[in-house]
Structures are given as C-alpha cells and as structure tokens.
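The exercises below are to be worked with the sequence and the 3D structure at hand. Try each task before reading its solution.

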Amino acid sequence: MAQSPTPQITPGKEPFDAIVVGSGAAGGMAAFQLAMAGVKVLLLEAGQMLDSDPTKAYRTMEWPYKDLRRHRLPVGEFALSAAEYRTLDRPYGLTPEMQQYKKVMAYSGNHFTREWIVDEKQHPITGTPYAWVRARVLGGKTNLWGRVSLRFSDLDLKAKTHDGFGEDWPISYADISPYYDKVDTLLGISGTRENIPHLPDGIFQRALKLNCGEVQIQRAIAKMGRRLIPGRAGVTTDGVLNNKYRARCMGRGRCGRGCDLNAAFHSPGALIFPARDSGNLTVRTDSVVSEVLIDDSTNKATGVRVIDRNTRETMDFRGRVVILAASCLESTRLLLNSRSASRPNGAANSSGVVGHYFCEHVMGPGASATIPSRVGTAPTLDDGRPQSTYIVRFRNVTDRHKDFIRGYGFQGASGAAEYPSNAADTPGFGASFKKAVRDGYPARVNYTGFGEVLARKENRVFLDPEVKDAWGIPVLKFDYRFSDNERKMGADMADTAEEMLRAAGATDIKVRRDVLTEGWSIHEMGTARMGTDPRTSVTNSFGQTHDVKNLFVVDGAIFVSASCQNPTWMIMALCWRAMDYVKDEMKRGDL
Ligand SMILES: Cc1cc2nc3c(=O)[nH]c(=O)nc-3n(C[C@H](O)[C@H](O)[C@H](O)COP(=O)(O)OP(=O)(O)OC[C@H]3O[C@@H](n4cnc5c(N)ncnc54)[C@H](O)[C@@H]3O)c2cc1C
Ligand code: SF4
C-alpha cells in the first residue's frame, strides 16, 4: 500500500479547477468531495507528506520503554505547558528563561508528534496569551485529535433566539442534519442512540462499552436529571466501505499519536489518499500559502502565492476557485494578508469583520476521583477504548442559570488507559507501591468541562505590523480574553463535577478549579463568520465570501458561535454542504 510522496509540482500553464489550502478535516473533505466528482483539484499543504501506509506514518504501538525518555522530547526541545502560556511574553524565545531552549513546541509536543506540531520560534504570535496548537503535516491536527464527535443542535444554531445573545446561524439543524448523516456514513462514528434533542443522534456504528464505574456514575447522575453516555468517537468500530486505507478499531486505546489502522478518522487515510487515487487530486506538501491572489479589476480570486517550506522559493498557482481550509486562524491570517491598495484590510473584508468574534471552548475545571468498586480489579479488554464517556450539557437547556448563559459538557477519561496516571500521586516504594498503583489503576476517573466561549466582537485577531514568521509572513496578534461568563461557567463546572462524583460514591475526589489559558481546548472558531448580511458577516452559509464569489472558507472560521460541542464533525458536515454548492455552481457556469 505504501507509496512514495507525490513529486513536488511546480506551477504549470493550465489552471486547476479548484485550489484547496490545508489538508486537515476541512481541506481533506473539500478535496475529497471535489476530486471524487471529477473536479481537478490542487491541494496545498504547508507541512510534510505522510506515508500512505499508516503503519509507517504513525507509531501507535511503540512501547514507552523503547525510548530512553519515555516519549518525552529530547533535551533541548521543550513543549510549552499551560502555565507557561500564561506567563511568557510573546514572541516566544525573547524572555531569558526561554532562551535556553533550542526548540519550543506547543501543547502535545512529544516524542511522537514533534515533527508535526509547530515550533513556536518559527511560528510566533503576539498579544494576549493564547495556546495556539498547530500541526503542520498532511492531515493537520486530525492526526492527533481526541476523536470526540458531537453534533450541534438548534439550541446551538439558534442560541440568540434562546437567550438573546449574539447572532443565530443562517442555517438550522434541518439544513445540516443530512450532511451529518453523510459524514457519519462515509467516515464511521461510534455511539449510542439517546434521543436527546440538544445532542442529536447520528448513524452510529458499534458503541464503546461503559465500565462498571461509569455505570455507577451514570445511575447516580440520572437521579439528578443528567445524562452520562458512551463517548461518541470519530472512529470506525465496524469498518467502512470503499476505503482500502482503513480498518476497524481493535480497542487498543493508543489513538492520540495517530492510529496505525486508520480506524480513527485521520484526514489522509480517510479522505486524501482515496481522493488522490481518483486521479483528480494533486497534492503539494511543504507549500506555505502566503496570500490569495485577487484580480481587483474583476474582483475574482485567480490563485494563491506559495513559499516552498524548504527552499523558500516563491511561486504562484492558478485556480478557478480558491478554498481556504488552513484551520480557523490560519485561514483568517491568509485573508488578512491578502492585501492590495484597494483592499488594505485584506480579502473578503469589506465588513471589517474578519478576525472578530473569535470564540472557542473554555476548559480545565473538573474533577478526578477513585471509584471504589474498581479498586483491585484487573484491566479488561474493554479498557482499551478510543474514548470514554460524555456528560451531556444540562445548564441553560430548559432552565436559566443565574450566573451565566450557554452551557458545557464533560469529557471523561476512565479505566486502565496506556499509562497508570495514578502512579505519580501514589506514595511509597517497592512492592507495596507497585501493588497500590496496580490496584488504583483501573479505578481512576477524570471529568473535564468544555464550555461555550461567547462570540464577542471585541475578541479578535489581527496582523502584527512588526513580527513575521520564519517565511517572512506577518503573524497574528491576539486581543482575546475570557469574560465573566466563561469564568462563572468554569466555577460551576468545578462545583458540578465534584457534586456528581460525590453522588456516585467516588472517593479521593480532587477538584480542579482553574480555567486553563485561552486556546487550551484547541477548538478555534468564528473569525470569518457566515451570515446573510454582508455588512456583518464574511461568507454566506456555504462559506462563499460575500466579496469575492470564487473564494471560499470552509473551516471553523465560518462558525457563528461555538456551542459546547467539539467542532470537527460540524466542520466536515458544513464543508460537504459547501462543496455540493460549489459543484452545482460550477455546473451552472457561475464559478
Ligand atoms: C490533541 C488534540 C485533540 C483534539 N481533540 C478533538 C476532539 O476530540 N474533537 C474535535 O472535534 N476536535 C478535536 N481537536 C480539534 C481538531 O483537530 C480540529 O477541529 C480539526 O483538525 C480542524 O480541522 P481544520 O482542517 O480546520 O484544521 P487542521 O486540522 O489544523 O488542518 C489545517 C491544515 O492547514 C495547513 N495550513 C495552515 N496554514 C497553511 C498555509 N498558510 N498554507 C498551506 N497550508 C496551511 C496546516 O499545516 C494543516 O495541515 C483536537 C485537536 C488536537 C490537537
Ligand atoms: S483504540 Fe481503535 S482508534 Fe484507537 S489506536 Fe486502537 S484501533 Fe486505533
């Protein structure tokens, strides 16, 4: 199955039908939908190529003892922690304490992902603290994502109607639900049908089993009117049709460094390699797009400018349609950097809205505890799961909380995962220490809240006039902070996590009250939002920019609000819908 990387093409005379920028969830879906329909697509990815044989691309099953540092980064390389994001000045490396580090990486930079996660020194940002996790590699962040795959509902899409804040989306659940169904069927998702109106069911494959500790929590919180359900994972547990790159999940629980069966959804194996096999998709990696080229006389995008990541050579590629899918903030940066005398604020920005209404999820508060009934039990095969459980939003659904609007859900981790996380906190040494670790290992549970950050106009990113990245491209400056609504929601998350674990009879409850620094949820949304009014929005509901008809944005940037559900499944459903529109417009000759 292994194929050598596609030779790096150089610009030719003929334009492509469509150019897609970025190869993550959004770019992969855009390229797949168009190429499978016969559209000639050029996919430009800033990062490196991945081998199409997943056992070569991902080091899923490598044991910690194979590596002297147990998968930690080598000396001289360093992954930023949450606390450092709060305290360090930007750009990175200018503060004395950071000078000692040759290389600085974000968040989950580790032995496995260090070639994928960006080095903050090459990719600085400025302004308010923000933990901006970026993966530059074919497939982007989908190679290491957490696979939590939840649908938005009308409670999210029509949130303004519900509580008066912000804007409603220009679409309702009825518009997007057929596309969620298509994404479920194409990619595979594991879950259970629960009939919860504000967390719609999907077309699920075999669900993950709850362990007895989780059932205990489920029963206890049901008495409080709250729902704990098996995690809905973007993983194929029964297998998918017509994709030779993917196999079904074997329940090994080692998915965070990339699944070498491609059972977990990763954009390369699920979308890009099959699309490339159609003969209609050309992939060029190491291609850092610096701007969209626009003919100001016709107001049409003509293509994009690329700086080769390695050679620094600059080249232009031509396309009839340009589709930005570089992730929310990178697509926004590209729009802002596509400037001319007649477009001093960038492309598709006559509204001045590009960069504003930045929103994400507030994360961190929650609690961990021991479930006594699992102490001393043996790990089971069901402990190796690609996800654990989800506690569904219960705030501001039918009632109104006195302190904050919108809501949050809890993502759980429980059971005997790869590494016994209780080892670090267990006192003692020798045989009794080992026994205590083994006994406690399957019994720990941990719940972390993910809450909606309000899309407020004053929360924004813009171009820093002074700082550039290693390729000479102006970087983003953040002016973004959580508000009281997020802080009060965070306080409630900590209280309710403790309350639920206590109700379930858990012991040794450790409550976390700190809201993690902005960005830590890795769910970026809203900076080129969709809408019907070109004065207050950047795109229509198909991601087509109001100002430049053949320029589309298809990632989280077009979200109107963040919901508390994870965004990736929604990004792909919206993208599929947008690509159906592009194909129709192409057929009609309007694009
Ligand atoms: C550890 C982790 C856990 C996560 N868990 C979840 C989860 O459980 N559920 C969930 O829904 N989401 C989760 N996410 C978020 C999820 O990965 C993203 O929502 C999703 O990948 C977004 O897709 P995207 O295509 O917009 O961006 P990405 O996947 O980031 O892809 C963007 C691509 O564009 C490329 N690019 C950027 N700039 C340029 C440029 N100028 N030129 C060319 N190419 C460019 C990048 O290199 C990258 O490959 C998680 C992310 C991480 C890192
Ligand atoms: S648990 Fe499933 S999805 Fe995760 S690494 Fe194993 S096979 Fe892949």
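Ala, Val, Leu, Ile, Met, Phe, Trp, Tyr, Cys and Pro count as nonpolar, Asp, Glu, Lys and Arg as charged, and the others, Gly among them, as polar. The model used here is a predicted one.

**Exercise 1. Sort the residues around ligand 2 by class.**

Solution. 
Step 1. Find the shell: 15 residues surround ligand 2.
Step 2. Pick out the closest, which are C249, R252, C255, C259 and A264.
Step 3. Apply the classes to the whole shell, which gives nine nonpolar, four polar and two charged residues.

**Exercise 2. Describe the shell around ligand 1, and state which elements each supply at least two of its residues.**

Solution. 
Step 1. Ligand 1 is surrounded by 40 residues, and the closest are G22, G24, G140, G146 and N566.
Step 2. The elements that each supply at least two residues of this shell include the helices α1 (25-36), α10 and α13, together with β8.
Step 3. Sorted by class, the shell has 19 nonpolar, 15 polar and six charged residues.

**Exercise 3. Locate the largest nonpolar core and say where its residues come from.**

Solution. 
Step 1. The largest nonpolar core has 165 residues, and those with the most contacts inside it are I19, V21, A30, A31, V41, I323 and C575.
Step 2. Helix α13 (residues 568-588) gives the largest share of this core, 11 residues.
Step 3. At least three core residues come from each of domain 1 and domain 2.
Step 4. Take A30 as an example: leaving out residues up to four places away in sequence, A30 touches V20, I323, A325, V554, C575 and M579.
Step 5. As background, nonpolar side chains tend to be buried together in soluble globular proteins.

**Exercise 4. Is helix α10 mostly covered or mostly uncovered?**

Solution. 
Step 1. Helix α10 spans residues 328-337, and nine of its 10 residues are buried, so a residue here has 20 or more other C-beta atoms within 10 Å of its own.
Step 2. The buried residues include C328, E330, R333 and L336.
Step 3. Among what covers them are the strands β1 (16-21), β8 (287-295) and β10 (314-324).
Step 4. Helix α10 is therefore mostly covered.

**Exercise 5. Compare A348 and N396: is each buried or partly exposed?**

Solution. 
Step 1. Most residues other than glycine have a negative phi.
Step 2. Phi of A348 is near 55°, a positive value, and N396 has a positive phi of about 55°.
Step 3. A348 is found in the loop between α10 and β11 (361-370), whereas N396 lies in the loop between β12 (389-391) and β13 (408-414).
Step 4. A348 has 28 other C-beta atoms within 10 Å, so A348 is buried.
Step 5. N396 has 19 other C-beta atoms within 10 Å, so N396 is partly exposed.

How values were computed: Residues are numbered from 1 along each chain as its sequence is written. Chains are lettered from A and ligands numbered from 1 in the order in which they are written. This is a predicted model: local features need pLDDT of at least 70, side-chain atom pairs count only at pLDDT 80 or more; totals for chains, interfaces and linings use all residues. A nonpolar core is a set of buried Ala, Val, Leu, Ile, Met, Phe, Trp, Tyr and Cys residues joined through C-beta atoms within 7 Å. A residue is buried if 20 or more other C-beta atoms lie within 10 Å of its own, exposed if 12 or fewer, and partly exposed in between; C-beta atoms are placed from the backbone. Helices (H or I, at least four residues) and strands (E, at least two) are DSSP runs, numbered from the N terminus. Domain bounds come from an automatic or database domain assignment. Two residues are in contact if their C-beta atoms, placed from the backbone, lie within 7 Å. A residue is near a molecule or strand if its C-beta atom, placed from the backbone, lies within 6 Å of it.
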